[in-house]
Amino acid sequence: MRDRLTSIIAVALLLTLVGMSYWYSVKAEMEGQGHLSDLNSPDFIAHDITVTKFDKSGGASYKVFAKRIDHYSDGHATAEFPEYYSLNPNEPQVTARSDSGEMVSGGETLHFYNNVDIRQQAHGDKPASRLETSQLDAYPDEDVYSSDKPVTLTRGSDISKGIGMDFDNVERTFKLRSRVQSEFMPRSIQSGLNKNESQASKNAQ
């Protein structure tokens, strides 16, 4: 159970990166831009934007893409099809995407809408993980994340579903609120399936 919870936390940690890396990087690009008096019209629009984060050694640690971002003079911004890709070769790759996103209150609150899909590749003896929902709210300053919508968490062949979720990265707690349904496959069976999949992959090559 501890291993399963650790995987959940690892996946949820990505939300911080999605919010902080993307929105604050873009926000920094926008500082100094003139503001328009019309709050209904964006004061800054960018298309096909890419933000790359480099570590101290000069290697790329992650990339964030967006089809379009609109920034408004009251400090909120919207994005179309934001995507995140981790690039650290020493860690399992993590990806995240949604159809749209919104930043309000200068980045204190982040909303992700429609087809929110967060994945972590398999690594060693740890299977791949995936979190799916239609809406996610992130509060980076508190390191808290939540959703009122149906949520599906997949880890290997284990699946948990529920309505609504709360994740507190400070307290290290993850909770599905209601209508929770879980399917756990015995480890011996799952191990056999993983071996068969691995062998099938080698044969295909």
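A residue is called buried when its relative accessible area is under 20%, exposed when that value is over 50%, and partly exposed in between (1.4 Å probe, protein chains only). The model is predicted, so to speak of local features a pLDDT of at least 70 is needed and side-chain atom pairs count only at pLDDT 80 or more, while totals for chains, interfaces and linings use all residues. Residues are numbered from 1 along each chain as its sequence is written, and side-chain values use heavy atoms, with hydrogens and water left out.

Now for the overall layout. The chain has two helices and 11 strands; helices (H or I, at least four residues) and strands (E, at least two) are DSSP runs, numbered from the N terminus. Read from the N terminus, the order of elements is α-β-β-β-β-β-β-β-β-β-β-β-α. Of the 205 residues in the chain, 38% are buried. The accessible surface comes to about 11,800 Å², and carbon and sulfur atoms own 49% of that; such areas come from the Shrake-Rupley method with a 1.4 Å probe, and for residues only the protein chains shown count as cover.

Strand E3 (residues 77-80) makes a handy close-up. In a regular strand the side chains alternate between the two faces of the sheet. In E3, Ala77 and Ala79 sit on a covered face, while Thr78 and Glu80 sit on an uncovered one. E3 pairs in the antiparallel sense with strand E2 (residues 60-71) over four bridges, where pairing takes at least two DSSP bridges between two strands. Histidine 71 has alanine 77 of E3 as its bridge partner. The hairpin of E2 and E3 has five residues between the strands, and glycine 75 in this hairpin takes a positive phi near 100°. E3 also pairs with strand E6 (residues 100-104), again antiparallel and over four bridges, and threonine 78 stands opposite glutamate 102 in E6.

Next comes the inside. The largest nonpolar core has 21 residues, and Tyr84, Phe112, Leu131, Met165 and Phe174 touch the most other members. A nonpolar core here is a set of buried Ala, Val, Leu, Ile, Met, Phe, Trp, Tyr and Cys residues joined through side-chain atoms within 4.5 Å. Strand E7 (109-120) is one of the elements that give two or more residues to this core, and the largest share, four residues, comes from E7. There is also a second, separate core of five residues, including Ala46, Val51, Ala66 and Ile69.

As for charged pairs, the structure holds eight salt bridges, each a side-chain nitrogen of Lys or Arg within 4 Å of a carboxyl oxygen of Asp or Glu. Arginine 68 and aspartate 70 form one of them, with the closest N and O atoms 2.7 Å apart. Aspartate 70 counts as buried because its relative accessible area is 8%, whereas arginine 68, at 25%, is partly exposed. Glutamate 83 meets arginine 97 in another (3.9 Å, N to O). That pair links distant parts of the chain, with glutamate 83 in strand E4 (residues 83-86) and arginine 97 in strand E5, 14 residues apart. Aspartate 117 and arginine 130 also meet in a salt bridge (2.7 Å, N to O), and these two belong to a network of salt bridges that links Asp117, Arg119, Arg130 and Glu132.
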